[in-house]
Structure formats: structure tokens, C-alpha cells
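This report describes selected side-chain and strand contacts of one protein structure. The sequence and model are shown first.

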Amino acid sequence: MMAFSLVSTTTSSSASAATAVLLPPHHHHRRRPTGDIALPRRSLLLLSTSLSLSTAVDPPPSPASPSPDTTITDRVFIDFSICPTNFLPNRESADDGGDSILCSDSALLGRLVLGLYGHLVPITVANFKSMCTGSCGSSYKGTLVHKIFPGQFFLAGRQGRRDKGAVRPPQQLPRNTETVKSDSFLLSHSRGGIVSLCLSENDDDDELKLDPNYHNVEFLITTGPGPCPQLDSENIVFGTVLEGLDVVAAISSTPTYKPSERIRQFNDLAKFLGDERAQNARTIWNRPLQTVYISDCGELKVAKPSLTPTLP
């Protein structure tokens, strides 16, 4: 309990009365030097925690992941020709398993030399080489470039009937497990001349895809001049064009079928309503109006199996 002092006050009047006045005792406080700051206990605790965190040693940075191995291990060639008239396959040759095509007025567009990344995606590269050489019982030779997206890419290697210029479904290829590995999708479609295995852009018939022995061999080549980011992480880049970018440009400039805006709107409506005919109609979109096909293909033997790395 606080103590109080009693102070008596006497007046000069005849009736002296003592008046008791209660006063608190004097507290003697030390004067705070100029410049001192009073901080609550909680603020001091927070300050000490912040200082301890700021002086903690940062963990060493994690080592950067190695860049994809784009060493060119193999080279193949693909010759492209063009038929200004209708596509006229040799039915007898197609029925016998041959690859020749009757096109009396065809003209050679030129040759592409492709470098393949056999260290990065060995199964994809091996399957592509087998399709170029025909060692798997099927070949790209005599098949169509069936879709061209000007300024982006073109598609080839679609499977189907030989008399329609499609690839005969191969039966002697190993199953490509790289299509489900994340490391297979590290490279981007950053420029023209990128060679990629079609996954998102694959337009093989659904019946073929449901076959247990189905092997995807459809490929695309970007035409430039800019990148195609919509293809990244969806298709497997496995090579690059070493020679023949002028041929790629010539293929890209081939006229294609482009539906009118009104047809596109009707098709979008039909697709929204679930009409299967909408998808069937889209198969002819971006189809070249002149027949561009692979007139020859094969492997190029080099003295040194591993060439200088070529980054896409």
C-alpha cells in the first residue's frame, strides 16, 4: 500500500485547526540520457529475431541441371518433290508394298539433310532412321506432306493407305517409351528447321491409334521465321535441319486450302453440338493444293559418328 505523509497547516486565526493533507511521496526517477529510445519488450524480442535471421548464413545454391545433350549422332536425307497436278499413285506398286509414285510432271524441290540427337532420345531417333531406310518394313518414301501451316510448320508421315499417299503402319519398330518421359520434352521449337515427333499434332486415324501394335512415326518440321511455342512440351524435338532451309521455305510457301470465316463459324458450331462431321471437315484444312511428297530418303554415313553439338 502506498504510504502517505501527514502535513499539518496552522492558521493565524484564534481557532487553530489542523488540516490533514494527503500527499504522495516523491519518486526519484533517473533522467534518461538524450538519444535513448524506450522499446517495449515485445519489440525487443522481434528485433532480436530479425537480426538473428538476417545474419544467418544462406544455403549454397543448388547446382544447375545439365543442358540437354544435342550432339548430332546420325544424319539422314529427305528429298521432296512436287506434283502441280493431282496426286496419282501407282496402285500396283502400292498393293505390292512398293513406294514408287506416278507423277509424270513432278519437280524436285530439293534435299534436306537432318542431324539427329541420338544421345537425347535414342529410341525416337532409331525409329526415324528405320523409317528413312525402310528397314522396319515401312518407309516415308512416296508419302505426302499432308498439312502445311505457313510460317509455322508442316506435317509428314501420316499413317494410312499407301494408295492415298500415307505411310504403311510399321510393325517392326520397338515401342517408344520416350513419349512418356519428361526428359524427352526439354527442347523447344525455337526457330525454323526443328524436327519433332508429332504427339499433340498427330492426326492418325483413331482406329490405328487403338491398335496395340501402333507406332507413331508422324513428324513435323518448323518453317520459321519465328518460334512455335504452342508445340513446346507437347512434341519431342529429336533433330535439326543441317542443310536445305531453302527447301523448307519452298514447302511453307505452297498454297493450302483455307476455309472462309463463315465455314469456320459453322464448323465451330457443329463441333460444339457434337457433330462428328465437323472434325472430318477439318481434315482438309491446311492441306496443300499441290502435291508435295517425299520422293526419296535414307541415311547418310559419316566418318565420325558424333558431330559437333547443334543447339536448336
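## A buried aromatic pair

Tyr-140 has a relative accessible area of 1% and is therefore buried (under 20% relative accessible area, with a 1.4 Å probe and protein chains only). Phe-219 is likewise buried, at 1% relative accessibility.

This is a predicted model, in which local features need pLDDT of at least 70 and side-chain atom pairs pLDDT 80 or more, whereas totals for chains, interfaces and linings use all residues. Residues are numbered from 1 along each chain as its sequence is written, and side-chain values use heavy atoms, without hydrogens and water.

## Aromatic contacts

Across the whole structure, 6 aromatic pairs are found (ring centres of Phe, Tyr or the six-membered ring of Trp within 6.5 Å; planes under 30 degrees apart are stacked, over 60 edge-to-face, the rest tilted). The ring centres of Tyr-140 and Phe-219 are 5.0 Å apart with planes at 70°, so this pair is edge-to-face. Because Tyr-140 lies in the loop between α3 (122–133) and β7 (145–149) and Phe-219 in strand β10 (residues 219–222), the pair ties together parts 79 residues apart in sequence. Helices (H or I, at least four residues) and strands (E, at least two) are DSSP runs numbered from the N terminus.

One aromatic cluster is formed by Phe-128, Tyr-140, Phe-219 and Phe-238.

## Strand β9 and its partners

Strand β9 (residues 194–197) pairs in the antiparallel sense with β10 over 3 bridges and with strand β11 (residues 236–243) over 4 bridges; pairing requires at least two DSSP bridges. Leu-197 has Phe-219 as its bridge partner in β10 and stands opposite Ile-236 in β11.

Key:
Buried means under 20% relative accessible area, exposed over 50%, partly exposed in between (1.4 Å probe, protein chains only).
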